[in-house]
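Please look at the sequence and the model below before reading on.

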Amino acid sequence: LNRGFTEMHCMSGHSNFVSCVCIIPASDLYPRGLIATGGNDHNICIFTVDNTAPLYVLKGHKNTVCSLSSGKFGTLLSGSWDTTAKVWLNDRCMMTLQGHTAAIWAVKILPEQGLMLTGSADKTIKLWKAGRCERTFTGHEDCVRGLAILSETEFLSCANDACVRRWEISGKCLQVYYGHTNYIYSICVFPRCKDFVTTGEDRSLRIWKQGECAQTIRLPAQSVWCCCVLDNGDIVVGASDGIIRVFTESLERTASAEEIQAFENELSQASIDPKTGDLGDINADDLPGREHLKDPGTRDGQTRLIKDDGKVEAYQWSVSEGRWIKIGDVVGSSGATQQTSGKVLFEGKEYDYVFTIDVNENGPSYKLPYNITDDPWLTAYNFLQKNDLNPMFLDQVAKFIMDNTKGQTLLSTSAQFSDPFTGAGRYVPGSSSGPSTIPAADPFTGAGRYVPGSASIAAAPVGGVDPYTGMGAYQSAAAKAENIYFPKKDAVTFDQANPTQILGKLKELNGTASEEHKLTEDELIILEKLLSVTCNTSAETPTAQQLQTLWRAVNWPEDIVFPALDILRLSLRHPTVNENFCSEKEHVQFIVLLLKFLNPKGKQANQLLALRALCNCFVSHAGQKLMMEQRDEIMTQAIETKSANNKNIHIALATLTLNYAVCLHKVNNVEGKAQCLSVISTVMEVVQDLEAIFRLLVALGTLISDDINAVQLAKSLGVDSQIKKYASVSEPAKVKECCRFVLNLL
């Protein structure tokens with residue numbers, strides 16, 4: 001008898017095991033919602049409720065996807081063994097959250113927009129806001145396995161250290177709950193209250209009320225992988241015996257007497273391994289006999305061990321039935337130790353072996369994980385690459401692997417019931433996951449760091465498409481005429497200049513410069529000439545000699561460089577200068593120089609002028625191309641200047657974001673738009689100056705014009721609630737007007 005549940009579909013789309021499932025809530029487009037699944041094939045499949053084949057497949061992770069969480073406006077958050085989490089909107093990856101050093105086993109989107117949580121095998125939990133890590137929670141002593149949301153400001157986590165922690169999002173740990181005797185795999189909160197359930201490797205499901213473990217339900221399977229609470233309060237658990245069981249408090253939904261008897265029989269026949277510690281330390285010689293079961297228990301779920309005919313049996317007290325129920329026979333040792341299951345945990349994944357390799361006597365030792373199914377040569381090659389070791393060692397390392405795994409063939413373990421997180425059958429308590437040394441990847445695309453010279457985006461032709469006529473009208477003619485603010489077509493530059501003052505300052509500071517940096521009289525005249533050529537609309541072209549002299553001056557020490565930076569900022573508006581500094585051969589040093597000045601610990605004058613110089617790069621094609629190629633690096637560094645309490649710096653930072661928005665409106669680059677939206681959201685929080693706010697609003701409007709994906713992403717980051725207050729600013733009127741146009745799109 002199958003009470004209330006019948007199989008509707010068997011959906012398939014993955015090429016290997018499925019490790020997580022989540023429901024995407026109903027939307028206008030999909031009124032019955034969608035189902036997302038993450039797999040060992042590195043993919044996420046999205047299904048409609050009615051179809052057995054995927055609607056679409058999300059590709060981008062570089063290893064098993066082991067956790068999923070859905071949020072508002074169609075956003076989906078995924079966590080993977082590749083140490084990253086990704087934010088997806090419909091069928092596109094919007095952001096990659098980078099910072100953990102081992103597999104991410106748990107992810108959750110918080111109710112407050114733009115906030116996300118990730119829990120990792122590196123033992124930490126991170127809180128992300130608009131794609132940036134805001135806070136790291138430390139306290140768990142082993143891999144974090146599960147997360148559950150209690151409210152807008154509180155959440156729970158469970159881990160391999162057998163405890164549950166309750167946290168405030170401000171970073172404080174409010175409470176630690178103990179009760180499980182082994183890894184806790186899964187945690188879920190009851191609807192409309194703070195009670196919760198947990199399941200783990202100690203064969204149990206535990207129900208927690210008012211901070212206490214109120215009930216323990218034993219199961220006839222060692223690993224209880226996952227649990228969830230249905231809207232009606234019933235608890236569903238999935239275990240390593242491949243069976244899903246539903247527990248209820250409701251009498252009308254309780255299983256039949258036969259089913260309950262069958263469950264008890266299964267439980268009584270289970271064999272319990274004393275080494276897992278589920279029942280504490282056991283000394284069979286000291287145990288009482290069957291008469292011990294005549295005394296009633298003192299609380300629900302209390303366990304008692306007795307010895308009968310030389311066999312040890314475990315019983316659990318049931319308050320509702322007033323009797324001891326047998327929960328299994330305690331046997332010798334079984335598969336929870338590394339010797340018998342042969343699995344070792346390393347960096348959050350399980351391997352058949354983890355070798356320690358010493359390359360030379362006094363250097364560090366390295367961990368080399370290996371599975372029997374792997375190719376020893378390829379493993380050795382990857383190991384040398386990962387640890388930056390000499391390729392000469394290849395033969396030696398491969399031979400070492402083969403010698404130490406002699407005669408090992410693949411054991412056929414019952415892989416169909418393997419751990420959905422690590423893909424392994426059993427765990428090894430106490431084996432900690434070392435920090436991973438995966439090279440830093442691009443925090444948005446998840447790709448490796450940008451390599452200069454590999455053009456990632458060809459800059460769009462400056463003309464671009466008219467967003468109103470070229471992209472289909474979506475507003476009435478009257479509304480069109482009014483919105484003069486966005487989408488903006490051309491870059492905003494910093495043109496104001498006082499050449500006499502700049503040159504005066506340059507000469508004064510040149511007097512204090514050391515011999516190696518001091519400019520000659522001739523060089524000062526050359527710079528004066530450059531300034532007049534680039535500030536006046538003369539037909540003259542700057543010469544190579546002038547540009548070399550300028551390059552010498554901008555490499556001055558940082559306490560005196562600012563007048564030279566100002567000359568650079570003004571000169572970059574001239575196409576010849578722009579082409580020279582932003583061209584393929586020069587640009588690396590040029591960008592490195594400007595990024596160096598963005599350091600928030602440096603002089604504010606240099607931060608300001610470097611930001612303005614970057615803004616002025618956008619005036620010509622070469623500059624736009626370079627700025628788009630180096631976008632990730634530049635924006636990541638530029639956003640750090642938000643901490644300066646300086647309105648001019650804030651205006652320059654807002655203008656840089658606006659110029660990126662102008663370029664991104666012409667080329668539809670999803671990651672670029674996501675990064676800009678994240679920057680706008682982050683900078684909005686600290687900026688007070690209304691001119692800076694206005695420029696951020698124009699940037700926001702330009703990014704989301706004619707792009708429904710960008711609109712949804714902006715909403716999921718909570719940008720609409722961030723900007724609402726500016727709709728009522730009285731002066732300057734442009735802030736209020738522009739804000740209202742943006743809110744209309746959102």
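## A buried strand residue

At 4% relative accessibility, L147 is buried, because the cut-off for that class is under 20%. The residue belongs to strand β13, which covers residues 144-149. The structure shown is a predicted model.

Which residues does L147 touch, leaving aside those up to four places away in sequence? The contacts are A106, V107, K108, L117, T118, G119, I125, F155, L156, S157 and I187. A further pair shows how sequence and space compare: L147 and W105 lie 42 residues apart along the chain, while their C-alpha atoms are 9.3 Å apart.

## The protein overall

The protein has 746 residues, and 53% of them are buried. Its secondary structure consists of 20 helices and 31 strands.

Of the contacts between residues at least 6 apart in sequence, 54% link residues at least 24 apart. The accessible surface amounts to about 33,400 Å², with 51% of it belonging to carbon and sulfur atoms.

Helix α1 runs through residues 257-268, twelve in number. From first C-alpha to last, α1 reaches 16 Å, close to the 16 Å expected at 1.5 Å a residue. Its buried residues are F263, E264, L267 and S268. These residues are on the same side of α1 because they cover an arc of only 135° around the axis. They pack against three strands: β20 (212-218), β23 (244-247) and β27 (323-330).

Helix α11 spans residues 587-597. Buried in α11 are H587, F590, I591, L593, L594, L595 and F597. The cover over these residues includes the helices α8 (544-554), α9 (562-571) and α10 (575-582). It also includes α12 (604-617), α13 (621-629) and α14 (631-638).

## A nonpolar patch on the surface

F5, I244 and V246 make up a nonpolar surface patch. Together the three residues have about 300 Å² of accessible area.

F5 sits in the segment before β1 (18-24). With a relative accessible area of 45%, F5 is partly exposed.

## Backbone exceptions

Most residues other than glycine have a negative phi, and most peptide bonds are trans. The residues below depart from one or the other of these patterns.

Where is the residue F73, whose phi is positive, placed in the chain? F73 lies in the loop between β5 (65-70) and β6 (75-80), and its phi is near 55°. This residue is partly exposed, at 29% relative accessible area. K123 also has a positive phi, near 80°. Its place is the loop between β10 (115-120) and β11 (125-129), where K123 is partly exposed with a relative accessible area of 25%.

Two peptide bonds are cis. One joins F486 and P487, with omega about 0°; P487 is in the loop between α5 (477-482) and α6 (499-512). Another runs from E731 to P732, with omega near -10°. P732 is located in the loop between α19 (719-723) and α20 (733-745).

Technical notes:
Residues are numbered from 1 along each chain as its sequence is written. This is a predicted model: local features need pLDDT of at least 70, side-chain atom pairs count only at pLDDT 80 or more; totals for chains, interfaces and linings use all residues. Side-chain values use heavy atoms; hydrogens and water are left out. Helices (H or I, at least four residues) and strands (E, at least two) are DSSP runs, numbered from the N terminus. The expected span of a helix is 1.5 Å times one less than its number of residues. Buried means under 20% relative accessible area, exposed over 50%, partly exposed in between (1.4 Å probe, protein chains only). The arc is that of the directions from the helix axis to the C-beta atoms. Contact means heavy atoms within 4.5 Å. Patches are made of residues with over 30% relative accessible area and no salt bridge: like charges are joined within 9 Å, nonpolar side chains (Val, Leu, Ile, Met, Phe, Trp, Tyr) within 5 Å. Accessible areas come from the Shrake-Rupley method with a 1.4 Å probe; for residues, only the protein chains shown count as cover. A salt bridge is a side-chain nitrogen of Lys or Arg within 4 Å of a carboxyl oxygen of Asp or Glu.
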